[in-house]
Amino acid sequence: EVQLVESGGGLVEAGGSLRLSCAASGFTFDDYAIGWFRQAPGKGREGVSCINSVDGRPYYAESVKGRFTISSNNAKNTVFLQMNSLKPEDTAIYYCAHDPICLPQGISGPVDYWGKGVLVTVSS
């Protein structure tokens, strides 16, 4: 039912930019929080950014605040993550997430549905 399909990953040099897209289907898009997590090799999956379904506000992990911007095209059921000033430590698999906990205090699970993930590699 719920499907999340990420795109836009790839290889970019440090300081560069990349935009990820998540095409969602199977649910009423703006009735649920939606966001992005990432997982680097050997590390746990961490929340990156999300849009709260109640107040419509974007929230960001401190590590990406000021560099990443989340946005959505509700008519197309698509959420984006614009990533600027990329750093090697941003290298990870990025996952689109349906209905995460999305609060100013943090972005966390449980998550109802995940996309399959897309690899972002930032070279030095």
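Guide: Let us begin with a pair of facing residues: Ile-70 stands opposite Leu-81 in strand E8, where strands are DSSP runs of E with at least two residues, numbered from the N terminus. Please keep in mind that this is a predicted model, in which local features need pLDDT of at least 70 and side-chain atom pairs count only at pLDDT 80 or more, while totals for chains, interfaces and linings use all residues. Residues are numbered from 1 along each chain as its sequence is written, and side-chain values use heavy atoms, with hydrogens and water left out.

Visitor: What makes E7 and E8 a pair of strands?

Guide: Two strands pair if DSSP finds at least two bridges between them; strand E7 (residues 68–73) and strand E8 (residues 78–83) are joined over six bridges in the antiparallel sense, so they meet the rule for pairing. Their hairpin has four residues between the strands, and in it Asn-77 takes a positive phi near 50°.

Visitor: Why is Arg-67 called buried?

Guide: Buried means under 20% relative accessible area, exposed means over 50%, and partly exposed lies in between, with a 1.4 Å probe and protein chains only. Arg-67, which is found in the loop between strand E6 (58–60) and E7, has 10% relative accessibility and therefore counts as buried.

Visitor: How do you know that Arg-67 and Asp-90 form a salt bridge?

Guide: A salt bridge requires a side-chain nitrogen of Lys or Arg within 4 Å of a carboxyl oxygen of Asp or Glu, and the closest N and O atoms of Arg-67 and Asp-90 are 2.7 Å apart, so the pair qualifies. Arg-67 lies in the loop between E6 and E7 and Asp-90 in the loop between E8 and E9, so the pair ties together parts that are 23 residues apart in sequence.

Visitor: What joins Arg-38, Glu-46, Arg-67 and Asp-90 into one network?

Guide: They are joined by salt bridges that share partners. Arg-38 meets Glu-46 at 2.8 Å, N to O, and Arg-38 also forms a salt bridge with Asp-90, with the closest N and O atoms 2.9 Å apart. Since Arg-38 lies in strand E4 (residues 34–39) and Asp-90 in the loop between E8 and strand E9 (92–98), this second pair ties together parts that are 52 residues apart in sequence.

Visitor: Why is Glu-6 said to have no salt bridge?

Guide: Glu-6, in strand E1 (residues 3–7), is buried, and the nearest side chain of opposite charge, Lys-116, is 6.8 Å away; the limit is 4 Å, so no salt bridge is counted there. For charge, Lys and Arg count as positive and Asp and Glu as negative, while His and the chain ends are not counted.

Visitor: What does the side chain of Glu-6 reach?

Guide: The side chain of Glu-6 reaches the backbone nitrogen of Cys-96 at 2.7 Å and the backbone nitrogen of Lys-116 at 3.2 Å.

Note on methods: A polar contact is a pair of N or O atoms within 3.5 Å; within protein, one must be able to donate a hydrogen and the other to accept it, and residues adjacent in sequence count only if both atoms are side-chain atoms.
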